[in-house]
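Here's a quick briefing to read alongside the model. Keep the viewer open and follow the topics in turn.

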Amino acid sequence: HGQWKQLPSGPWAPRSEHAALWTAAGVLLMGGRTASGFENDVWRWTASGEFCSLEWQGSWELLTPAAEWPPRHGHSVIGFPRDGSAPETVLVLGGFGGDPEPRRVQREPLEYPVAS
């Protein structure tokens with residue numbers, strides 16, 4: 001049935017209250033709370049090898065150290081699949097941060113997950 005394999009630690013600071021989302025481009029990890037404060041970084045994990053096998057590996061890359069949305073924790077993300085040639089869309093919703101809270105939903109095309 002299933003098997004567990006510990007993967008290497010991620011290259012980012014340990015965190016809590018972050019958001020993660022599986023997308024066509026890989027797993028996105030966004031923001032959260034670290035020992036130094038709130039984050040608005042975006043990381044992407046892309047897999048290699050047969051899905052969920054012992055050979056299944058992957059690598060992380062930093063897409064941006066500071067996205068255009070304010071640093072936050074406790075937020076949610078929702079992904080919408082591509083429509084034809086349009087990029088996949090990711091919405092960042094709610095959460096808490098140190099900057100004044102925006103009164104709008106942040107919409108980010110996945111091709112450019114750090115700019116609207």
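Let's start with W60, which counts as partly exposed because its relative accessibility is 28%. Bear in mind that this is a predicted model. The topics below go from the aromatic residues to the sheet, then the nonpolar core and finally the confidence.

**Aromatic pairs**

- Searching the whole structure turns up three aromatic pairs.
- W12 and W60 make an edge-to-face pair, because their planes sit at 80 degrees, with ring centres 4.4 Å apart, and the cut-off for that label is over 60 degrees.
- That pair bridges distant parts of the chain: W12 belongs to the segment before strand 1 (19-23), while W60 is in strand 4 (residues 57-64), 48 residues apart.
- W60 also pairs with W45, this time in a tilted arrangement, with 6.4 Å from centre to centre and 45 degrees between the planes.
- W45 is in strand 3 (residues 37-48) and W60 in strand 4, so this pair ties together parts that are 15 residues apart in sequence.
- Put together, W12, W43, W45 and W60 make up one aromatic cluster.

- Four strands form an open sheet in the order 1-2-3-4, and the pairing is antiparallel.
- Strand 1 and strand 4 are the edge strands, each pairing on one side only.
- On average, neighbouring strands in this sheet are turned by 20 degrees against each other, ignoring direction.
- A hairpin takes the chain from strand 2 to strand 3 through two residues.
- Those two strands, strand 2 and strand 3, pair in the antiparallel sense over seven bridges.

**The nonpolar core**

- In general, nonpolar side chains in soluble globular proteins tend to be buried together.
- Here the largest nonpolar core has 10 residues, namely A19, L21, L28, M30, V42, A67, W69, V77, V90 and V92.
- Strand 1, strand 2 (26-34) and strand 6 (89-93) are the elements giving two or more residues to this core.
- Which residues does A19 touch, leaving aside its neighbours within four places in sequence? A19 is in contact with L28, L29, M30, H75, S76 and V77.
- L28 sits in strand 2 and counts as buried because its relative accessibility is 1%.
- L28 and W60 are 32 residues apart in sequence, and their C-alpha atoms are 9.4 Å apart in space.

**How confident is the model?**

- Across the protein, pLDDT averages 80, and 75% of the residues score at least 70.
- Where is confidence lowest, and where is it highest? The lowest mean is 58, in strand 7 (residues 106-109), and the highest is 93, in strand 2.
- Strand 2, with that mean of 93, is also where you find L28.

Definitions and conventions
Residues numbered from 1 in each chain as written. Heavy atoms only, no water. Phe/Tyr/Trp six-rings, centres within 6.5 Å; stacked < 30°, edge-to-face > 60°. Buried < 20%, exposed > 50% of the residue type's maximum accessible area, 1.4 Å probe, protein only. Core = buried A, V, L, I, M, F, W, Y, C linked by side-chain atoms within 4.5 Å. Contact = heavy atoms within 4.5 Å. Pairing = 2+ DSSP bridges. Axes fitted to C-alpha atoms, helices over the stretch in contact; angles between N-to-C directions. pLDDT = per-residue confidence, 0-100.
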